[in-house]
Amino acid sequence: MGDDNLKKESDMEGDLQRSLSLRLNRRGDRSNQNPAKDFEVGFFSSGRVPQDYPMKIVWKKGFVRLVLVAGILWMLLILLALLFHIWSCQTSVSFLSAMCNKDSKVYNMLGNMGLVSKPHRCPIPLSNDPDKIVIPTRRTPNEILKNLSYVMEDEVPHSEAQSSPLFGGHPSWKQREESFKLKSNMKVHCGFIQGGGAEMNRVDIKYVKKCKFVVASGIFDGYDLPHQPSNISLRSKELFCFLMVVDEVSLKFMRENGTVKEDGAGGKWVGIWRLVLLKHPPYDEPRRNGKVPKILTHRLFPQAQYSIWIDGKMELIVDPLLILERYLWRGRHTFAIAQHKHHRSIYEEADSNKRRKRYARPLIDLHIKIYYYEGMKPWSSNKKTNSDVPEGAIIIREHTAINNLFSCLWFNEVHLFTPRDQLSFGYVAYRLGDAFKFFMFPNCEYNSLFVLHPHTREHSSPIEWVKQLDELKKGNLRESRGGLGLFTPYPGDLDSVVLPNVTRTSKAG
C-alpha cells in the first residue's frame, strides 16, 4: 500500500515537471516571437536581455531625432514662407509684388502680428459714375489777385560768386517779405530762371499744351518705377493727360528695368504715363529736384486748368474725375490736400525729421527758428485749420491765380531753406491768411486713394546725417544750388529765439 502511494506521488511529480517544462517551452516560443514584450517583462525583472536590444534602442532614438529634425525644418519653412511673403509685399519687383495679396488672410495675420503695417483707411463718399459728373463750365474767379507774373532772370548779388543762374534765383529777404503782401498785380520768383536747368524737350512742350486736366507724378534719381493707375474710366482716359516727370537717370533706369515705348512724334510712354524729361537737374539733392513738378505743376503745364499730383511711389486706384468732384467741385474748393497722419504742428514735424535723419539737423533748426521768429505759432485747436502739416503725396488743385501764387511762394521756401516741404506749407498758408483757402481732408481717405509701393532703394545722402554746422564746412556737404537762405545773413536776431518744447504725440520716426 505504501509502495503504491509512493509510486503515485512519484508519477504526480513527473507529470508536474513535464507540465512545467511544457509551459516554459511554450513561453520561450512566445518570447522568440515577441522579444520586445519579453524585454519589457525582463526589464523590470531578472529576465535575460535579447542580444539585438542595442540595435533596437538606436533605431528608437534615431526615429525620435528624425521627428524632431523634421518638425524644426517644417517650422523653418513656415518662417521662411512668412518672411518671403513680407518681402514680396514690399519689393519693387513687379512680378513678386503682384504675388502679394494684401487682402489675404496671411497678410492680415502678419499685420496683426505687427510684421507689416496696415494703413488706416476709411470709405470715401465718391460719386458712383464718372460719366454722370458735370464738369464746371466756368473757372473760379480771381477776386484779389488779378494778374500774376514771374521773375525770369536771376539777379546775382555782387557778393555772390555764382558762376551760373540758380533755378530759383537769388530772392532777397526784402523781396521775400514783399511776396506775401497781396496786391492786384504781382511779380514773384517762381523757379525756371533762364539758364537754371530743368529744361523740357520741344516734343514734350508741344504735347503738354493740349493738357487741361492733368494727373502728374515724378520720379528722380531712379528711386521708383511707374505704377499704372487702375479703375480709370474711358471718359477720364480721354480727358486727362497722365504725365510722369523724370530726369535722365530715371529714364535710363526705366529703360533698363521696364518697357519704354516711343511714338512716331518722339514721345516716350510707360503704359498710360507720358514721360516728360527734365534735362539738367537744377539741384544737387534728388529730393529737392522732385519738388519742381510737385509744387510748380502750373509752371510746367501752363495750359492746365486742374491737376492732381501724386508721388512716384503711389499707385492711383480711384478715377481722377471722381477725385476732382469729391475734393473740389462738391464743396466748391480750389485746393485740397490730405492731413498728415501723425503731426499737426510744424515743430513736431521738424522734430520727427531730425530723428528720422531727413536733412541736416542744425539746418532744420535754423529753418523753423526763422518761422518762429516771424510769428508762426505751434498748431492748436484755436487755429482755423485742421492742421499745419499736410501729407504732401497728393495735391488736388484748380490753377487759379491765388493757388498759383501759393505754389510759387511754397516753392520759394523750399528753394531758400530745407527741402522738407511739409514744414513750409503751413507757414505760407499762415502768411497768406484768409486769402488762401484750402480743404484738408482726413488722412484715412488719402490711404483709400492709393496703393503705396516702396522705393526701389532707400534715399540717403551725407547731408542727412549732419549734426553740427561745422560738419557741412569740413565735409564740403553744403548744397551749391539750394538752401541759400540758410547761409545768407538773416535780418533778425535768431540767436534769441527759443523754440517751443515739442511733445511727441506719436511714435513716428
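Visitor: Is the link of Cys 190 and Cys 408 left-handed or right-handed?
Guide: Keep in mind that this is a predicted model. Here a disulfide joins Cys 190 to Cys 408, with 2.1 Å from S to S. The angle about the S-S bond is -80°, and the link is left-handed.

Visitor: How many residues apart in sequence are the parts that Cys 190 and Cys 408 tie together?
Guide: Cys 190 sits in the loop between β2 (185-188) and β3 (199-200). Cys 408 belongs to helix α16 (residues 401-416), so the pair ties together parts of the sequence separated by 218 residues.

Visitor: How many disulfides does a search of the whole structure find?
Guide: One of them is the pair Cys 190 and Cys 408. Another joins Cys 211 to Cys 241, at 2.2 Å from S to S, and Cys 122 and Cys 444 form one too. The search of the whole structure comes to 3.

Visitor: Is Cys 444 buried or exposed?
Guide: Buried means under 20% relative accessible area. Cys 444 has a relative accessible area of 12%, so Cys 444 counts as buried.

Visitor: And the disulfide of Cys 122 and Cys 444, is that one right-handed or left-handed?
Guide: The sulfur atoms of Cys 122 and Cys 444 are 2.1 Å apart. The torsion about their S-S bond is about 75°, so this disulfide is right-handed.

Methods
Residues are numbered from 1 along each chain as its sequence is written. This is a predicted model: local features need pLDDT of at least 70, side-chain atom pairs count only at pLDDT 80 or more; totals for chains, interfaces and linings use all residues. Side-chain values use heavy atoms; hydrogens and water are left out. A disulfide is a pair of cysteine sulfur atoms within 2.5 Å. Buried means under 20% relative accessible area, exposed over 50%, partly exposed in between (1.4 Å probe, protein chains only). Helices (H or I, at least four residues) and strands (E, at least two) are DSSP runs, numbered from the N terminus.
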